[in-house]
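Q: I would like to learn how to read a fold, residue by residue. Could we go through one together?

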Amino acid sequence: MAPKVLLIDDEEDLLELLVEFFEMEGFEVIHSLTGEGALSLINEHKDISVIVSDQSLNDISGNDILNKLKEGGSTYPPFFFSTGSVEYTEEQAIADGATGLFSKPFDLEAVVQKVKQAVES
């Protein structure tokens, strides 16, 4: 069974590119342009293997999504942030509970490889 990835980004063109790339790499992909939409998908799909979320969304932040997952009290899937901000570092992301951080613009192949490693470990 293919791992299921939830992709969250408010940049529609980038989200479409990510969806296409992850599908080509054999992932089952669900996606949302909003944080609230992502929270609904998380509630609907209990078999999500990994989440990649923009850190700064139009409605709620990626940090808000991660905090909601942590509030649930159970374990949550590997969670990666993507950001165009130079002020938010990978060390901060990990301290916040994320698995890692991808800085925009990023290398799609490197993103997929890190996500695959997280799913396999």
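A: Gladly. Helices (H or I, at least four residues) and strands (E, at least two) are DSSP runs, numbered from the N terminus. Read along the sequence, the protein chain here follows the pattern β-α-β-α-β-α-β-α-β-α. The model is predicted: local features need pLDDT of at least 70, side-chain atom pairs count only at pLDDT 80 or more, and totals for chains, interfaces and linings use all residues. Residues are numbered from 1 along each chain as its sequence is written, and side-chain values use heavy atoms, with hydrogens and water left out.

Q: How many helices and strands does the protein chain have, and what is its radius of gyration?
A: There are five helices and five strands. The radius of gyration, taken over C-alpha atoms, is compared with the globule rule, 2.2 Å times the number of residues to the power 0.38. The value for the protein chain is 13 Å, close to the 14 Å that the rule gives for 121 residues, so the chain is as compact as a globular protein of that length. Its C-alpha atoms fill a box of roughly 30 × 30 × 30 Å along the principal axes.

Q: What share of the residues is buried?
A: Buried means under 20% relative accessible area, exposed over 50%, and partly exposed in between (1.4 Å probe, protein chains only). In this protein chain, buried residues make up 45% of the 121.

Q: Where does Ala 98 lie, and which residues does Ala 98 contact?
A: Contact means heavy atoms within 4.5 Å. Ala 98 sits in the loop between α4 (90–95) and β5 (100–103). Leaving aside neighbours within four places in sequence, Ala 98 is in contact with Leu 66, Phe 79, Phe 81 and Ala 93. Ala 98 and Leu 66 are 32 residues apart in sequence, yet 7.6 Å apart in space, C-alpha to C-alpha. With a relative accessible area of 8%, Ala 98 counts as buried.

Q: Is Gln 55 buried or exposed?
A: Gln 55 has a relative accessible area of 15%, so this residue is buried. Its place is in the loop between β3 (50–54) and α3 (62–71). Not counting residues up to four places away in sequence, Gln 55 touches several residues, including Phe 81, Ser 82, Thr 83 and Tyr 88.

Q: What about His 31: where is its place, and which residues are in contact with His 31?
A: His 31 belongs to strand β2 (residues 28–32). At 42% relative accessible area, His 31 is partly exposed. Leaving aside neighbours within four places in sequence, its contacts are Leu 6, Leu 7, Leu 15, Val 19 and Leu 41.

Q: How many aromatic pairs are there?
A: Rings of Phe, Tyr and Trp (its six-membered ring) pair if their centres lie within 6.5 Å; planes under 30 degrees apart count as stacked, over 60 as edge-to-face and the rest as tilted. By this rule there are five aromatic pairs. The rings of Phe 80 and Phe 102 have centres 5.0 Å apart and planes at 25 degrees, so the pair is stacked. This pair links distant parts of the chain, with Phe 80 in strand β4 (residues 79–83) and Phe 102 in strand β5, 22 residues apart. Both Phe 80 and Phe 102 are buried. Phe 79, Phe 81 and Tyr 88 form one aromatic cluster.

Q: Which residues does a cis peptide bond join?
A: Most peptide bonds are trans. Here a cis peptide bond joins Lys 104 and Pro 105, with omega about -5 degrees. Pro 105 is in the loop between β5 and α5 (108–120).
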